[in-house]
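The exercises below ask you to read features from a model and to work through each one step by step.

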Amino acid sequence: MTSSFPQIEQPRLGEPYLLTPGPLTTSYAVKEAMLRDWGSWDDDFRGMTQELRSSLLALLGEGADEFDCVPMQGSGSFSVEAMLASFIPRDGKALVLANGAYGQRSAQTLEYLERDHVVLDKGDYLPPRGSEVAEILANDSAITHVVAIHCETSSGILNPVEEISEAVYAAGRKLLVDSMSAFGAIELKPTEVRYEAMVSSANKCIEGVPGFGFIIARKNELEDAKGNSHSLSLDVHAQWAHMNKTGQWRFTPPTHVVAAFIEALRAHAAEGGVSGRGARYTSNRDVVVAGMRELGFETLLDNRWLSPIIVTFFCPADDNFVFDQFYNLMKEKGFIIYPGKLTVVDSFRVGCIGQMDDKVMRKVVIAAKETLEKMGVSSATPPLQALEERAKLAA
């Protein structure tokens with residue numbers, strides 16, 4: 001394996017780069033892998049499923065032998081629901097740590113599942129801290145599980161899962177991690193961060209295409225999950241038991257998506273695994289943040305909390321700045337950015353993951369500069385309210 005960055009090819013089909021947290025820009029080899037049809041019961045496809053599962057487990061590093069990997073059809077939210085329903089018993093109670101849309105989605109999922117839960121709501125972006133978790137757990141003995149978001153892409157913050165985990169297990173509870181947009185680029189070693197299960201999906205840092213997610217869980221938790229799920233199709237225990245017995249998915253698998261993912265996994269390994277992929281994304285982030293700041297843009301988060309996945313920028317206060325126009329002009333230049341999710345101030349987001357490198361990110365900055373000039377925006381400085389909002393994070 002090598003940690004040097006691979007050669008990044010410009011999209012052959014001429015499509016714009018997706019500066020989003022997934023779906024993302026994929027390699028032509030990944031696209032090409034979807035041209036062949038596969039029989040879902042065939043031994044060749046069973047072998048692909050086994051390669052998928054074992055390769056994902058290998059990304060955990062030391063301690064992986066205590067876990068197993070269960071792929072699940074559907075988008076990432078399907079796998080999150082499967083995890084919550086399968087590992088939180090019907091008489092359990094969850095503490096959801098929310099600082100953005102995906103923590104709130106977990107809480108909403110638990111409402112549908114009729115699982116008892118409470119929410120530590122930190123607003124749009126403030127990180128949940130271990131001390132807060134410890135205090136809540138000390139005051140509520142009914143809580144059995146804590147649900148944490150590894151990287152909350154609403155803001156781009158990388159949440160402090162290490163200290164959260166320490167607080168959870170010091171109190172004798174269990175941690176479930178939504179590592180949807182982080183796994184594969186940010187380490188989640190079970191020897192360093194204890195958790196019972198985590199979830200991610202094919203179209204994030206492994207750089208596959210949408211179609212399935214996966215749950216990586218301790219084998220004893222998988223065994224104990226029998227009978228917990230509300231759903232036939234989202235029952236993680238049933239999927240796991242069937243796969244281990246037959247090598248097959250219980251219901252029709254996304255065969256072309258799996259083939260693409262196998263290609264993406266091999267490219268991930270060739271790049272140097274989690275550390276190699278994470279290094280490229282970190283370089284992408286550093287280049288775009290430095291360049292945008294030179295243009296006058298301000299990030300929501302200070303450097304301590306910036307993830308290498310996606311970055312939130314405040315919209316300029318200049319009256320000539322209209323986000324929809326900015327978005328469309330950037331798209332014309334070959335870059336699809338992401339609208340903001342902040343409720344207090346206007347913002348937009350720039351993703352750092354996918355088939356992009358520092359050269360591409362420099363072009364993003366040039367495109368932003370030219371777009372501002374075309375719009376007649378003389379300054380990218382955000383409104384005072386945005387800076388006051390950011391100050392809350394430093395307080």
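**Exercise 1.** How many bridges join β8 to strand β9?

Solution. The model is a predicted one, and the pairing is read from it in steps. Begin with β9, which covers residues 197-201 and is joined to β8 by three bridges, the two strands running parallel. Next, locate a pair of partners: L176 has A197 as its bridge partner in β9. Then turn to β5, which pairs with β8 in the parallel sense over five bridges, and note that V147 has L176 as its bridge partner in β8.

**Exercise 2.** Explain why strand β8 is described as largely enclosed by the rest of the structure.

Solution. Apply the cut-off for burial, which is under 20% relative accessible area. Of the five residues of β8 (residues 174-178), four are buried, so the strand is largely enclosed by the rest of the structure.

**Exercise 3.** Determine which residues of helix α4 are buried, and where they lie around the axis of the helix.

Solution. Second, list the buried residues of α4, which are G103, S106, A107, T109, L110 and L113. Seen down the axis of α4, its buried residues fall within an arc of 155°, so they line one face of the helix. Third, look at the other side of α4, where E111 and Y112 are exposed. Finally, just after α4, E114 takes a positive phi of about 55°.

Technical notes:
Residues numbered from 1 in each chain as written. Predicted model: local features only at pLDDT ≥ 70, side-chain atom pairs only at ≥ 80, totals over all residues. Heavy atoms only, no water. Buried < 20%, exposed > 50% of the residue type's maximum accessible area, 1.4 Å probe, protein only. Arc of directions from axis to C-beta. Pairing = 2+ DSSP bridges.
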